[in-house]
Amino acid sequence: MRNPPDDTAPLNSPPARGRGRGRAVTAAAPADSPSPAPSREREGNDPVRKCILSGERDVRPHLVRLALSPDGQILPDVRAKAPGRGAWIGVTRVELEAAIKKGKLKGALSRAFKTGEFTIDPELPAKIESALERNALDRLGLESRSGTVLIGSDRIEQNARQGKLKALYHASDAAEDGNRKLDQAWRIGNDVEGSGLRGLALPVSRTILALALGRENVVHIGLTDRAAAKRVSEALDRWLHFIGPEPSSVSCETASQGASASPQNGAPPIQQASGSTGTRPAVDMTEEFE
């Protein structure tokens with residue numbers, strides 16, 4: 001069972017997931033264990049599903065749903081809204097591309113949908129990545145419009161030092177000295193100075209973040225509402241997990257905008273504050289599709 005959330009600790013994003021940005025491996029029930037009722041196949045309020053490629057189990061918000069369209073196309077359904085049966089995956093883009101090349105995805109989907117009458121678009125991995133990115137940025141935009149997002153270094157620093165900040169993000173082209181200043185303020189506010197707590201450098205530039213939030217010059221993002229931070233964390237987590245530890249390079253802004261490029265591989269996933277493990281608890285049973 002998951003421990004009760006600590007409302008005082010920052011909600012970091014994305015959570016640790018084993019290798020690279022991979023998911024934490026969960027424990028499966030013994031093969032002879034009776035299958036529980038569907039209503040009990042949950043972690044908290046979230047139904048649990050199994051990745052059809054890796055066999056790992058997780059709650060639905062951490063996986064990507066694939067849907068079979070009426071015309072026989074396999075399409076990404078990252079918001080799990082499409083009607084009909086779906087199959088779930090929790091692998092990275094590189095792993096998915098390898099599964100497509102080797103025919104493993106075709107076989108897994110045939111078993112999940114109980115039919116081989118479908119077509120897998122070679123561009124499916126790119127479509128999934130694009131959909132996950134759009135979903136994550138849309139979530140940031142929604143939180144911005146609802147008033148739960150802070151922008152501006154001074155406002156973020158003030159809230160961070162007061163211990164109010166639950167999540168901190170930096171644009172890919174943010175100046176490193178600005179990142180360090182806000183990271184330090186966050187650690188001070190949470191009384192974890194000397195720890196590895198830092199904001200997460202997103203694989204998109206300030207221009208993209210500004211468009212997503214409907215603001216100007218969004219270099220840093222802070223969230224003080226824990227529920228909002230959790231929603232953003234889950235959307236970002238799925239996207240960053242899928243693109244893997246080495247996402248495509250993002251072009252930096254021009255020098256006239258005061259940008260200072262920071263290396264993609266120099267900004268590891270955010271480390272947990274004291275008292276937070278960053279892992280997800282094991283679950284017992286799951287479904288491959290629905």
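Modeller: Begin with a definition: a residue counts as buried under 20% relative accessible area and as exposed over 50%. Keep in mind that this model is predicted.

Biologist: Which residues of helix α2 are buried?

Modeller: Helix α2 covers residues 104-113, and its buried residues are L105, A108, L109, A112 and F113. They span an arc of only 120° around the axis, so they lie on the same side of α2. On the other side, K104 and R111 are exposed.

Biologist: What do the buried residues of α2 pack against?

Modeller: Contact here means heavy atoms within 4.5 Å. The partners of α2's buried residues are the strands β4 (64-68), β5 (74-77) and β6 (86-89), together with the helices α1 (93-102) and α3. Just after α2 comes K114, with a positive phi of about 60°.

Biologist: Now for a pair of helices. At roughly what angle do the axes of α3 and α7 cross?

Modeller: Angles over 145 degrees count as roughly antiparallel. The axes of α3 (residues 124-145) and α7 (residues 226-243) cross at roughly 160° and come within 9 Å. The two helices are therefore roughly antiparallel to each other. Their crossing is left-handed.

Biologist: Which residues meet where α3 and α7 are in contact?

Modeller: From α3, the residues include I128, L132, A136, R139 and L140. From α7, they include V232, A235, L236, W239 and F242. By class, the contact of α3 with α7 has 12 nonpolar, one polar and six charged residues.

How values were computed
Residues numbered from 1 in each chain as written. Predicted model: local features only at pLDDT ≥ 70, side-chain atom pairs only at ≥ 80, totals over all residues. Heavy atoms only, no water. Axes fitted to C-alpha atoms, helices over the stretch in contact; angles between N-to-C directions. Helix = DSSP H or I, 4+ residues; strand = E, 2+ residues; numbered from the N terminus. Parallel < 35°, antiparallel > 145°, perpendicular 65-115°, else oblique. Left-handed = near helix turned anticlockwise from the far one by under 90°. Nonpolar A, V, L, I, M, F, W, Y, C, P; charged D, E, K, R; others polar. Buried < 20%, exposed > 50% of the residue type's maximum accessible area, 1.4 Å probe, protein only. Arc of directions from axis to C-beta.
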